[in-house]
Each structure stands twice: as structure tokens, then as C-alpha cells.
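Q: Could you take a close look at one part of this model for me? I'd like to start from a single residue and then see how the rest of the protein is put together around that.

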Amino acid sequence: MTFKIIHYSVTYKQRILKLSTNERERGFLKKLIKDSENKSSTIHILIDAEETIIALVGLSCSKVDHLPALLVDFIFVNPSFRGSIIDDLGGSASEYLMAYITSVVIPNTRAFSAVRWLVLVPDNERLKLHYIEQFGFRTYTDKHGDDLLCLRA
């Protein structure tokens with residue numbers, strides 16, 4: 001099966017929102033879409049050959065204690081693909097997106113802007129452990145006392 005990453009356009013808005021399984025997810029997706037439409041975030045969508053949305057990630061630039069960072073605003077995996085290994089991707093959809101961020105997005109961002117960290121705030125303790133174990137993120141408490149997960153870019 002063929003997969004590709006595309007950038008968000010308004011034609012995907014309703015299709016993305018229909019994927020949410022609860023109001024909390026829907027709220028995160030609405031905010032991410034609004035931020036993308038306001039040009040403060042970008043959405044990268046993983047689709048298959050039939051244009052089924054497999055997963056998406058929202059990214060923005062930020063600073064962590066005055067150091068430039070690429071912030072993962074939200075990672076969302078289509079409920080139909082959560083917890084699944086997709087052989088053609090070489091792992092799960094979230095693993096594929098993280099590899100895409102580190103191998104494509106960060107190098108392209110660094111060509112135009114100094115980025116020192118990839119930063120995310122996990123939704124729960126299970127995800128926190130997953131990102132630490134699977135991707136090598138480290139826990140970092142910023143000067144405001146917020147707990148973040150950071151990966152050197």
C-alpha cells in the first residue's frame with residue numbers, strides 16, 4: 001500500500017473532525033485546525049492511496065527557556081489504526097510520524113531557522129513513558145515549572 005504526507009488544506013477539515021471519537025479529541029482537532037488556518041501551526045497528514053486519513057501531526061515553532069524549539073502541538077491517529085503495526089510503514093502511524101518529523105521536518109526547518117529541541121507535552125503517563133522509551137525523549141521542567149518532553153533536534 002502507498003502512503004504519503006500531505007499538508008492540511010480546508011478540504012480536509014470535515015474529514016478530520018469526523019475522525020474524533022469524543023468531544024475532547026474534537027476540541028483538540030478544532031484548535032489545531034484553527035491554528036493552522038491562522039498560520040500559527042502546520043498540519044501534516046498521513047494518507048494512503050485511497051486518501052484515507054491514517055494520522056496527522058500539528059507542529060509549530062516555539063521557545064523553551066529561550067531556546068528555539070519545534071513543538072508537537074498534537075498527534076492524532078485515526079481510531080481505526082490506533083495500536084496497529086502497519087507493515088508498509090515499518091511500525092505504527094505515530095512512529096512513522098515521529099520519524100518523519102526527525103528526518104524530514106527538522107532538517108528542513110534547520111535550513112531556515114535554528115531549532116534546538118523537539119518538544120511535546122504527552123496527554124497521559126502511558127504516552128509519556130512511550131515517548132521516552134520508544135523515541136528517547138527526556139523529561140524537562142522549564143522555568144515556569146511545566147513538565148515537557150524534549151528531544152535534541
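A: Let's start with His-7, which is exposed, with a relative accessible area of 51%. The cut-off for exposed is over 50%, so at 51% His-7 makes the exposed class. Bear in mind that this is a predicted model.

His-7 sits in strand E1, which covers residues 3-7. Leaving aside neighbours within four places in sequence, its contacts are Ile-43, His-44 and Tyr-100. There's also a C-alpha separation of 9.0 Å between His-7 and Leu-46, and those two are 39 residues apart along the chain.

On to helix H2, residues 23-37, where you'll find Asp-35. Asp-35 has 18% relative accessibility and counts as buried; the limit for that label is under 20%. Once neighbours within four places are set aside, Asp-35 is in contact with Ser-40 and Ser-41.

Lys-39 belongs to the loop between H2 and strand E2 (42-48). Its phi is near 65 degrees, a positive value in a residue other than glycine. With 73% relative accessibility, Lys-39 counts as exposed. Then there's Glu-51, in the loop between E2 and E3. Glu-51 has a phi near 65 degrees, again positive in a residue other than glycine. Its relative accessible area is 35%, which puts Glu-51 in the partly exposed class.

Now for the overall fold. The protein has four helices and seven strands, and along the sequence they follow the pattern β-α-α-β-β-β-α-β-α-β-β. The radius of gyration is 15 Å, close to the 15 Å that the globule rule gives for 153 residues, so the protein is as compact as a globular protein of that length. Along the principal axes, the C-alpha atoms fill a box of roughly 45 × 35 × 35 Å. Of the contacts with a separation of 6 or more, 56% are between residues 24 or more positions apart.

What about the inside? Buried residues make up 42% of the 153 residues. In soluble globular proteins, nonpolar side chains tend to be buried together. Here the largest nonpolar core has 27 residues, and the members touching the most others are Leu-70, Val-72, Met-98, Ile-101, Leu-118, Tyr-131 and Phe-137. At least two residues of this core come from each of strand E3 (53-64), strand E4 (67-77), helix H3 (93-110), strand E5 (117-120), helix H4 (125-135) and strand E7 (147-152). H3 gives the largest share, seven residues.

The accessible surface comes to about 8600 Å², and carbon and sulfur atoms account for 52% of that. As for charge, there are 19 positive and 18 negative charges, and their mean positions are 7 Å apart.

Notes
Residues are numbered from 1 along each chain as its sequence is written. This is a predicted model: local features need pLDDT of at least 70, side-chain atom pairs count only at pLDDT 80 or more; totals for chains, interfaces and linings use all residues. Side-chain values use heavy atoms; hydrogens and water are left out. A nonpolar core is a set of buried Ala, Val, Leu, Ile, Met, Phe, Trp, Tyr and Cys residues joined through side-chain atoms within 4.5 Å. Buried means under 20% relative accessible area, exposed over 50%, partly exposed in between (1.4 Å probe, protein chains only). The radius of gyration is taken over C-alpha atoms; the globule rule is 2.2 Å times the number of residues to the power 0.38. Contact means heavy atoms within 4.5 Å. Accessible areas come from the Shrake-Rupley method with a 1.4 Å probe; for residues, only the protein chains shown count as cover. Lys and Arg count as positive and Asp and Glu as negative; His and the chain ends are not counted. The place of a charge is taken as NZ of Lys, CZ of Arg, CG of Asp or CD of Glu.
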